[in-house]
Amino acid sequence: MKAVILHGPDNYPNNYEVMDIPKPVCGDEEILLHMRAAALCGTDKRIFTGAKTKGVRKDSVVGHEICGEIAEVGKNVQGFSVGEHVSIANVIPCGHCPACLSGRENACMNRKAIGYEFNGGFEEYVLIPKICIESGNVVKLPEDVSFEAGALIEPLACCIRGLRNTGTGFNDTVLIIGAGPIGLMHLQLSLIAGAKKVIVSELDAEKREIAKKLGATRVVDSSKEDLAAIVAEETNGTGVDRIVMAIGITGLVNSTLQLAKKGGTVCLFAGFPKGKTAEIDPSIIHYNELNVTGSTAYKRIDYLQAADMVKAHKIDLDAIVSAKFTLDEFREALDLHMSGKALKVVIVNQ
């Protein structure tokens, strides 16, 4: 079968290749998944360039936003059948570390994950291990949910975790910095949560148009418009209730904090470059009593709720998919993803 093999963190773009490898053998307590869609994300960008190495094995298959069709079921596996459509919650918490015991399984200190410790989605067939099945991380989907949308349940679950940390709710005014896939998911979730206004700041014109179509109250090109003045106009000078930074640019953190109202919350949702620091005026946080939070991964309840939203067609994930490629076209797909010109790039496998 075809697979994208990552040889190591160095020498990008020559550190991976599409090649034929043996098809996995499904054990008695495993599921063999026919990958039908596996999406690229910002973390994959950091993995392929060597900026992220934790949990990533040499000569392995990465890709953690996965959806497919069950090809084989081990004889000891109950509750699943060949042909069923499923998505995979890739993060498997240990359940007994201090983070898990305090209710933060998303920050598990010993977590394992598909696409890291186990081979991921950028291959024709993915072996789903016993630990993943027993943890309830294989989620059935109806056939009216596209495989592409199924793959995007994983980042949606991350956004739900971010929404909980941000506390967005009824009648809030929300500002989202960045209208990439994550920003557009946060836009839709904020509206579902009851936000009265969602302002989206984004430099790319096409992404601003998609944000408009998905319900943004106002879109802003901060390279040509005064974002602070627009926020003041939209909030009668008070500032916004909630801010989500969906782009990891450290130089924007301090100016973003200034846009929150007194007592507001700022979620630094995006992954920021390792070793890069932000210069922050702490008096902004102190005198305005701001809540500044982060967000990492998701809990299984976040994933299950994300899946339920997708199954009920309460959120549009297909609108975020901008390009599809086959495994043979992976280099072209990754190049487009790296360019930042596309929204979601998805690898599909018929």
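S201 is buried, with a relative accessible area of 6%. Buried means under 20% relative accessible area, exposed over 50%, and partly exposed in between (1.4 Å probe, protein chains only). The model is predicted: local features need pLDDT of at least 70, side-chain atom pairs count only at pLDDT 80 or more, and totals for chains, interfaces and linings use all residues. Residues are numbered from 1 along each chain as its sequence is written, and side-chain values use heavy atoms, with hydrogens and water left out.

**S201**

S201 sits in strand 11. Helices (H or I, at least four residues) and strands (E, at least two) are DSSP runs, numbered from the N terminus. Not counting residues up to four places away in sequence, S201 touches I176, I177, G178, A179, V220, S222 and L227. Contact here means heavy atoms within 4.5 Å.

**Helix 8**

L227 is also one of the buried residues of helix 8 (residues 227–234), together with I230, V231 and E234. They cover an arc of only 100° around the axis, which puts them on the same side of helix 8. The arc is that of the directions from the helix axis to the C-beta atoms. An α-helix has 3.6 residues a turn, so residues three or four places apart point the same way. The cover over the buried residues of helix 8 includes strand 10 (173–177), strand 11 (197–201), strand 12 (218–220) and strand 13 (240–245).

Both ends of helix 8 can be described. D226 caps the N-terminal end, with a side-chain oxygen 3.1 Å from the backbone nitrogen of A228. After the helix comes N236, whose phi is positive, near 55°.

At 1.5 Å a residue, the 14 residues of helix 5 (residues 153–166) should span 20 Å; the end C-alpha atoms are 20 Å apart, which agrees. The expected span is 1.5 Å times one less than the number of residues. Twelve of the 14 residues of helix 5 are buried, so the helix is mostly covered. Among them are I153, E154, C158, C159, R161 and T166. G167 follows helix 5 and has a positive phi, near 80°.

Helix 11 (residues 300–311) has twelve residues and reaches 16 Å from its first C-alpha to its last, close to the 16 Å expected. Its buried residues are D302, Y303, A306, A307, M309 and V310. Seen down the axis, these fall within an arc of 160°, so they line one face of helix 11. They pack against strand 5 (85–88), strand 9 (138–141), helix 4 (147–151), helix 5 and helix 6 (181–192). H313 follows helix 11, with a positive phi near 55°.

**Aromatic rings**

The whole structure holds five aromatic pairs. Rings of Phe, Tyr and Trp (its six-membered ring) pair if their centres lie within 6.5 Å; planes under 30 degrees apart count as stacked, over 60 as edge-to-face and the rest as tilted. Two of the pairs are tabulated here.

| Pair | Centre to centre | Angle of planes | Type |
|---|---|---|---|
| F122 and F330 | 5.1 Å | 55° | tilted |
| Y298 and Y303 | 5.6 Å | 40° | tilted |

F122 lies in the loop between strand 7 (112–113) and strand 8 (125–128), and F330 in helix 12 (residues 330–339), so the pair ties together parts that are 208 residues apart in sequence. F122 and F330 are both buried. So are Y298 and Y303. Y16, F48, F122 and F330 form one aromatic cluster.

Two charges sit over rings. The charged end of R331 is over the ring of Y16, 4.3 Å from its centre. The charged end of K23 is over the ring of Y125, at 4.3 Å from its centre. The criterion is NZ of Lys or CZ of Arg within 6 Å of the ring centre and within 35 degrees of the ring normal.

R242 lies in strand 13. Its side chain makes a polar contact with the side chain of D172 (3.1 Å). A polar contact is a pair of N or O atoms within 3.5 Å; within protein, one must be able to donate a hydrogen and the other to accept it, and residues adjacent in sequence count only if both atoms are side-chain atoms. The side chain of R242 also reaches the backbone oxygen of T166 at 3.3 Å.

K344 lies in strand 17 (residues 344–348). At 5% relative accessibility, K344 counts as buried. A polar atom of its side chain lies 2.8 Å from the backbone oxygen of L40. The C-alpha atoms of K344 and I182 are separated by 9.6 Å, though 162 residues apart along the chain.
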